[in-house]
Amino acid sequence: PTTALQLYNQNRIKKLINLNPDAFFREGLDLPSKTINIPAFRFLYHSFNEYPYEGTFVVPDQIRFIDDSAFEQSNGLTQIIFNDIVESIGDSAFEDCDLCSITIPSSVTHIGSYCFSECSSLTSAEILAPIDVLPDKIFDNCPFLESVVLPTTITRLGNYCFRDCDLTSITLPPNLIEIGDDCFLRGDKLTTIQLPTTLRRIGEGAFSDCITLVDITIPDGVIDIPDYCFEGCTGLTHIQLPSHLTHIGECAFEDCYRLQIPDFPPSLINIAENAFENVY
């Protein structure tokens with residue numbers, strides 16, 4: 001947790017930036033040679049359209065840590081080139097930047113929430129870091145994100161990871177156990193997705209409003225289809241339910257106009273209100 005002293009220092013840096021951003025960055029752009037971390041808010045609001053970066057920032061060789069919000073809202077930052085020893089990237093580190101593509105190296109062991117959210121120019125991302133959880137909202141509202149490569153080590157996709165993204169398909173890690181709430185919400189171009197047999201939990205609204213999703217098979221390890229899980233999937237025509245399913249949540253398939261009512265397994269105990277509302 002953030003201490004009172006850390007909060008004080010972070011707020012102090014923000015005030016200095018707001019008072020005189022040009023002077024702050026003119027004096028602070030070149031990091032001291034012995035620095036091993038890029039501090040919180042160091043490049044907040046900075047314009048990378050200007051000399052000497054011209055849209056690209058090369059992380060210095062000695063840097064191991066990139067703190068929370070270090071580059072948040074950096075205008076014109078189109079490319080970040082990581083070194084091969086960086087270990088940690090903090091919360092919101094690159095939130096609302098102009099990045100076009102990213103590759104996170106295998107040296108990274110921690111990626112914070114909101115790390116690349118609101119990056120409206122981002123089209124592709126490759127994560128080589130051996131992390132086990134994809135953090136909440138990491139790519140939330142990246143409307144042009146088409147391609148993502150995930151490491152095989154991931155067992156959980158956090159909440160809102162790919163909400164309002166442009167993915168057409170995605171290869172999920174082979175040992176994935178959980179998909180978080182609203183993970184693929186409003187994935188308008190997600191036409192296909194293969195859920196691994198290891199999957200045990202799908203969060204509320206995980207595929208809600210994925211209007212181009214046509215066919216999906218839910219693995220047998222899943223016993224609960226939660227509220228709003230596939231609500232508004234107007235292109236969905238077929239779904240294979242798991243053999244040990246016990247519960248279908250409220251509005252789980254609401255407004256799935258084209259869906260053929262599936263065969264229910266004998267294990268099913270409860271179908272909640274409006275689970276198949278407007279399904280004919």
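## Salt bridges

The salt bridges in this predicted model come to eight in total. Side chains of opposite charge can pair when their charged atoms come close. Five residues share one network of such pairs: Asp136, Arg156, Glu178, Asp181 and Arg201.

Glu178 has two partners described here. One is Arg156, with the closest N and O atoms 3.3 Å apart. Arg156 belongs to strand 11 (residues 156-157) and Glu178 to strand 12 (residues 178-179), so this bridge ties together parts 22 residues apart in sequence. Arg156 has 21% relative accessibility and therefore counts as partly exposed. The cut-off matters for this residue, because buried means under 20%.

The other partner is Arg201, whose side chain meets that of Glu178 at 2.9 Å, N to O. Arg201 sits in strand 13 and Glu178 in strand 12, so the pair joins parts 23 residues apart in sequence. Arg201 is partly exposed, at a relative accessible area of 35%.

How accessible are the two ends? Asp166 has 11% relative accessibility, so it counts as buried. Lys189 has 42%, so it counts as partly exposed.

Most residues other than glycine have a negative phi. Phi of Tyr160 is positive, near 60°. Asp164 also has a positive phi, about 60°, although it is not a glycine.

Both residues are partly exposed. Tyr160 falls in that class because its relative accessibility is 24%. Asp164 does so because its value is 22%.

## Nonpolar core

The largest nonpolar core has 78 residues. Those with the most contacts inside it are Phe71, Phe94, Phe139, Phe162, Phe184 and Phe253. Strand 6 (101-104) and strand 8 (124-127) each supply at least two residues of this core.

Leaving out residues up to four places away in sequence, Phe184 touches Leu157, Phe162, Leu167, Ile170, Leu172 and Ile179, among others. Further along the chain, its contacts include Leu190, Ile193, Ala206, Phe207, Ser208 and Cys210.

Ile261 is in the loop between strand 17 (247-248) and strand 18 (270-271). Its relative accessibility is 45%, so Ile261 counts as partly exposed.

Ala272 lies in the segment after strand 18. Its contacts beyond four places in sequence are with His247, Ile248, Gly249 and Glu250. The C-alpha atoms of Ala272 and Ile248 are 6.1 Å apart, although the two residues are separated by 24 positions along the chain.

## Overall make-up

The protein has two helices and 18 strands. Of its 280 residues, 49% count as buried. Among contacts with a separation of 6 or more, 25% join residues 24 or more positions apart.

## Confidence

Mean pLDDT is 90, and 87% of the residues reach 70 or more. Which residues have pLDDT under 50? The value stays under 50 over residues 21-28. The model has 10 contacts beyond four places in sequence for residues 21-28. Where pLDDT is low, the predicted coordinates should not be read in detail.

How values were computed: Residues are numbered from 1 along each chain as its sequence is written. This is a predicted model: local features need pLDDT of at least 70, side-chain atom pairs count only at pLDDT 80 or more; totals for chains, interfaces and linings use all residues. Side-chain values use heavy atoms; hydrogens and water are left out. Helices (H or I, at least four residues) and strands (E, at least two) are DSSP runs, numbered from the N terminus. Buried means under 20% relative accessible area, exposed over 50%, partly exposed in between (1.4 Å probe, protein chains only). A nonpolar core is a set of buried Ala, Val, Leu, Ile, Met, Phe, Trp, Tyr and Cys residues joined through side-chain atoms within 4.5 Å. Contact means heavy atoms within 4.5 Å. A salt bridge is a side-chain nitrogen of Lys or Arg within 4 Å of a carboxyl oxygen of Asp or Glu. pLDDT is the predictor's confidence in each residue, from 0 to 100.
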